[in-house]
Amino acid sequence: LYSTETVHIRDVFAVGNLVNDYRDGELDMTVRVTFPGNAEPGWQIEAQLYAPSGKPVWRRPEVVPVHAGWREDPGRREARLQKKISRPRIWSAEEPNRYQLVLTLVAPGGRTVEATSVRFGFRSVEVRDRKLLINGERVMIHGVNRHDHHDVKGKALDRATLRLDAVTMKQFNVNAVRTSHYPNDPYFLEVCDELGLYVVH
């Protein structure tokens, strides 16, 4: 259970694409903000991007106004940002480099209302000439199916068990996992992103 301010960040989408023959990155960010009624002007999202090393990518945060947007609902607004990133460290199963985007919701008077973050990688996924290409390179899938199951805990898996599943796959040179038939705990997907596993679900 958790509670939020009346005006709060409803959802965050951050995608790191590759452009210029896979040399440069392009951040595509959408932040959805919910209001109790019609939104007053002046709300902003401050965004700062951190490299895998932990250092900030930009000298100062990007300031993005919260505009009318999603489905023209008066109580829902969006802040959108598209920005080129020069020669980012690229995400792959072999080198799962992840960036962290820290987002702050700021009220018209300058008060910080909420802050959150999301991790993602700059990567490209294509199917061309019947080949799966990750960042322009052909990839051979060595994958397994996975079910939520434990010999003692049954279907009630804890985070340590979820992480152990992913670590064991990496130790046996598995690079992909199919989350069979039902959604997995979002934590498992986060671990796959962190360790470098392609996910089919």
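Me: What does the secondary structure of the protein come to?
Reply: The protein has 2 helices and 14 strands. The model is a predicted one.

Me: What box do the C-alpha atoms fill, and what share of the residues is buried?
Reply: The box is roughly 55 × 45 × 30 Å along the principal axes. Of the 201 residues, 37% are buried. The cut-off behind that word is under 20% relative accessible area.

Me: What share of the contacts joins residues 24 or more positions apart?
Reply: Such pairs account for 58%. That share is taken over contacts with a separation of 6 or more.

Me: Why is Arg59 called exposed?
Reply: Its relative accessibility is 87%. Exposed begins over 50%, so Arg59 counts as exposed.

Me: Where does Arg59 lie?
Reply: Arg59 is in the loop between β3 (44-50) and β4 (62-65). Its C-alpha is 9.8 Å from that of Leu49, a residue 10 places away along the chain.

Me: Why does Thr179 count as buried?
Reply: Thr179 has 5% relative accessibility. The limit is under 20%, so Thr179 is buried.

Me: Which residues are in contact with Thr179?
Reply: Thr179 sits in strand β13. Leaving aside neighbours within four places in sequence, its contacts are Arg146, Asn184, Phe188, Val199, Val200 and His201.

Me: What makes Asp24 a buried residue without a salt bridge?
Reply: The nearest side chain of opposite charge is that of Arg87, 4.9 Å away. A salt bridge needs a side-chain nitrogen within 4 Å of a carboxyl oxygen.

Me: Which polar atoms lie by the side chain of Asp24?
Reply: The side chain of Asn20 makes a polar contact with it at 2.8 Å. The backbone nitrogen of Arg87 lies 3.0 Å from a polar atom of the Asp24 side chain. The cut-off for a polar contact is 3.5 Å.

Me: Where is Asp24, and what does Asp24 touch?
Reply: Asp24 belongs to strand β2 (residues 24-34). Residues up to four places away in sequence aside, Asp24 touches Asn17, Leu18, Val19, Ile85, Ser86, Arg87 and Pro88.

Me: Why is Asn20 called partly exposed?
Reply: Its relative accessibility is 40%. Buried stops under 20% and exposed starts over 50%, so Asn20 falls in between.

Me: What is the phi of Asn20, and where is this residue?
Reply: Phi is near 55 degrees, a positive value in a residue other than glycine. Asn20 lies in the loop between β1 (8-19) and β2.

Me: How do you know that the span of α1 is close to the expected one?
Reply: Helix α1 (residues 159-171) has 13 residues. From first C-alpha to last, α1 reaches 18 Å. The expected span is 1.5 Å times one less than the number of residues. For α1 that gives 18 Å, and the helix is close to it.

Me: Which residues of α1 are buried, and how do you know that they line one face?
Reply: Thr161, Leu162, Ala166 and Met169 are buried. Seen down the axis, the buried residues fall within an arc of 140 degrees, so they line one face of α1. On the other side, Arg159, Ala160, Leu164 and Gln171 are exposed.

Me: What covers the buried residues of α1?
Reply: The cover includes β12 (143-146), β13 (176-179) and α2 (186-195).

Me: Why is Asn173 called exposed?
Reply: The relative accessible area of Asn173 is 63%. The threshold is over 50%, so Asn173 counts as exposed. This residue is in the loop between α1 and β13. Its phi is positive, about 60 degrees, although Asn173 is not a glycine.

Me: Which residues of α2 are buried, and what puts them on the same side?
Reply: The buried residues are Tyr187, Phe188, Val191 and Cys192. They cover an arc of only 145 degrees around the axis, so they sit on the same side of α2. Their packing partners are β12, α1, β13 and β14 (198-200).

Me: What is found at the start of α2, and what follows α2?
Reply: At the start, a side-chain oxygen of Asp185 comes within 2.8 Å of the backbone nitrogen of Tyr187. Gly196 follows α2, with a positive phi near 95 degrees.

Terms used:
Residues are numbered from 1 along each chain as its sequence is written. This is a predicted model: local features need pLDDT of at least 70, side-chain atom pairs count only at pLDDT 80 or more; totals for chains, interfaces and linings use all residues. Side-chain values use heavy atoms; hydrogens and water are left out. Helices (H or I, at least four residues) and strands (E, at least two) are DSSP runs, numbered from the N terminus. Buried means under 20% relative accessible area, exposed over 50%, partly exposed in between (1.4 Å probe, protein chains only). Lys and Arg count as positive and Asp and Glu as negative; His and the chain ends are not counted. A polar contact is a pair of N or O atoms within 3.5 Å; within protein, one must be able to donate a hydrogen and the other to accept it, and residues adjacent in sequence count only if both atoms are side-chain atoms. Contact means heavy atoms within 4.5 Å. The arc is that of the directions from the helix axis to the C-beta atoms.
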